[in-house]
Each structure stands twice: as structure tokens, then as C-alpha cells.
Amino acid sequence: MSQVKYRRILLKVSGEALAGEKRRGLDFDIINHLCDSIQECTRMGVQIGLVIGAGNFWRGVKDGADRMQRSHADAMGMLGTVMNAIAVADALEQHGVQARVLSAVEMNKFAEYYTRDTAERYLNEGKVVLFAAGTGNPYFSTDTGAVLRGVEIEADAILMAKNVDAIYSADPAKDPTAVKYTNLTYGEALAKNLKATDITAMALAMDNDMTMVCFGLDEENSIVRVVRGEQIGTTVKNEF
């Protein structure tokens, strides 16, 4: 454990990241690569809670837009997170890593119902816990759900594995002058309206003095490197 900076983490992975270049569905090469990193972390003794978005299947705000009632569109998004959690849990088991899917919405045929105490027990047993169905409520993003679960399980840090390698002052794909940040306080991120995650998630992390690291999932061994304390991406805290 001497080589580990964060002993218990909440890892958030976007659904789009699991789709790869196809942009929809599941790319099992990417999933297996993710599982390799998670397996290495568990071998180092790291306890892992995992939240996966649903953008590879459905984004309630974007795909539902004005064509559906928002609560119904968000319900579809929650179901998409359950599908992703089941797929990744299956892949983890194939890697020899025990995994459990806990859902914020009761669906006993597919997942266990989430309670904080159940999650705590599984984490202490060395199992990876996949938190599915967001917060169980519409109008909340999976980023907010990830921060909520991270706070509940008293994670040492929330790791936001994104499609971008850090937080920037603007979209680096559109603005070549965008500034890359290494360290930010939550106050700075909110004041500058930086799009690291949604405002609700950011405020919840700030209120609970939670460390957040935003980095690129596709960087080589990025999850393991962050867990070991290597400075990649952007670290966001209340103070440095």
C-alpha cells in the first residue's frame, strides 16, 4: 500500500468511452482495457466503486430533448447505466475480479438494491462495486450520482475518467489557445464556469471537501497512475 495515494476511490467512466469509435454500444476491447487497469488497482489493495454513464446508449437531455417528458427520458438513461454496469461487471469477473452491481432503483432480477452498508461490506471484501441507475431520480446527471456515491462511501478521491485529458479554459478541440489546468480549487472552477462536470456535482464535491481528479481514460495506464499519485489531468480541491 506504500505505492498507493488513494486507498478507496470512486471511479466515474463516461458511457461514450465504452463505445469507442463506434460511438454507440459497447467496444469490448476498451472494456477489457478498463478491466485490466481496475484489476491492477485491486491487486495494489485499492477499493473501487465504479459509476458508468449511459451516453453510449441514451442521453436523456440530448436524445429525449423536446420529444419526451424529461423524467421519462432520464429513466431511460438510468436503465442504460444498468446495462453498462452489468456488461462491465461480467468483464471484471472474467478478469478474476469479483464485482457486484448495486442499483438505486429496485430491479432484483438484474442487480441488488443499493444501500450504503451493502456497498461498504462489498468494498471491504475486496469486491468492485458498480453503482447503477444514477441517484434513482430524474434531473441528476451520472456525474452527480458519482459524487454522491463517493461521498457516501467516504472515498479518498473521485476519479473522473473523461474523453479529454484535463480541464481546460475552453474546448481544446475548438480553441487551440485553451489553457490546460493542473490544479484548481472548486471556487475557481465554479467562478470560471469550467465544464469539468456539471455544477451540481461540483458543488456537492466542494461542500463535502472531496478531492476530484479529471483525466483522460485513453491515456496509457491513466487510472493506475492517478491512484499512485502521479500528477496527470487536473486535480480539483477546496484548497492546495
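The following legends describe close-up views of a predicted model.

Local features are reported at pLDDT of at least 70 and side-chain atom pairs only at pLDDT 80 or more, while totals for chains, interfaces and linings use all residues. Residues are numbered from 1 along each chain as its sequence is written, and side-chain values use heavy atoms, with hydrogens and water left out.

**View 1**
An open sheet is formed by 9 strands in the order S4-S3-S5-S2-S1-S6-S10-S11-S9, and the pairing is mixed. Strand S4 (112-113) and strand S9 (183-185) are the edge strands, each pairing on one side only. Strands (E, at least two residues) and helices (H or I, at least four) are DSSP runs, numbered from the N terminus. Two strands are taken as paired if DSSP finds at least two bridges between them.

**View 2**
Strand S1 (residues 8-13) runs parallel to S2 and is joined to S2 by 6 bridges. Strand S5 (residues 128-132) also pairs with S2 in the parallel sense, over 3 bridges. Leu50 of S2 stands opposite Leu11 and has Leu130 as its bridge partner in S5.

Strand S6 (residues 157-162) runs parallel to S1, and 5 bridges join the two. The bridge partner of Leu10 in S6 is Ile158, and that of Val13 is Ala161. S6 also pairs with strand S10 (residues 212-216) in the parallel sense, over 5 bridges. Met160 stands opposite Cys214 in S10. S6 is mostly covered, with 5 of its 6 residues buried.

**View 1. Ala99 and its surroundings.**
Ala99 is found in strand S3 (residues 99-103). Ala99 counts as buried because its relative accessibility is 8%. Leaving aside residues up to four places away in sequence, Ala99 touches Ala89, Leu92, Glu93, Val128 and Leu130. Contact means heavy atoms within 4.5 Å. Ala99 and Ile48 are 51 residues apart in sequence, and their C-alpha atoms are 9.8 Å apart in space.

**View 2. The crossing of helices H2 and H4.**
Two packed helices are described by the angle between their axes and the distance between the axes. The axes of helix H2 (residues 28-43) and helix H4 (residues 70-94) come within 9 Å and cross at roughly 60°. Axes are lines fitted to C-alpha atoms, for helices over the stretch in contact, and angles run from 0 to 180 degrees between N-to-C directions. H2 and H4 are therefore oblique to each other. Angles under 35 degrees count as roughly parallel, over 145 as roughly antiparallel, 65 to 115 as roughly perpendicular and the rest as oblique. The crossing of H2 and H4 is right-handed. A crossing is right-handed if the near helix is turned clockwise from the far one by less than a right angle, and left-handed if anticlockwise. Ile31, Asn32, Leu34, Cys35 and Ile38 of H2 make the contact with Val88, Ala91 and Leu92 of H4. By class, the contact of H2 with H4 has 7 nonpolar, 1 polar and no charged residues. Ala, Val, Leu, Ile, Met, Phe, Trp, Tyr, Cys and Pro count as nonpolar, Asp, Glu, Lys and Arg as charged, and the others, Gly among them, as polar.

**View 3. The crossing of helices H6 and H8.**
Helix H6 (residues 142-152) and helix H8 (residues 199-207) have axes that come within 8 Å and cross at roughly 15°. This angle makes H6 roughly parallel to H8. The crossing of H6 and H8 is left-handed. Asp143, Thr144, Val147 and Leu148 of H6 meet Thr200, Ala201, Leu204 and Ala205 of H8 in the contact. The residues of this contact divide into 5 nonpolar, 2 polar and 1 charged.

**View 4. Two loop residues with positive phi.**
Most residues other than glycine have a negative phi. Glu154, in the loop between H6 and S6, has a positive phi of about 55° although it is not a glycine. Glu154 counts as exposed because its relative accessibility is 59%. Asp209 is found in the loop between H8 and S10, and its phi is positive, near 55°. At 58% relative accessibility, Asp209 counts as exposed.

Technical notes
Buried < 20%, exposed > 50% of the residue type's maximum accessible area, 1.4 Å probe, protein only.
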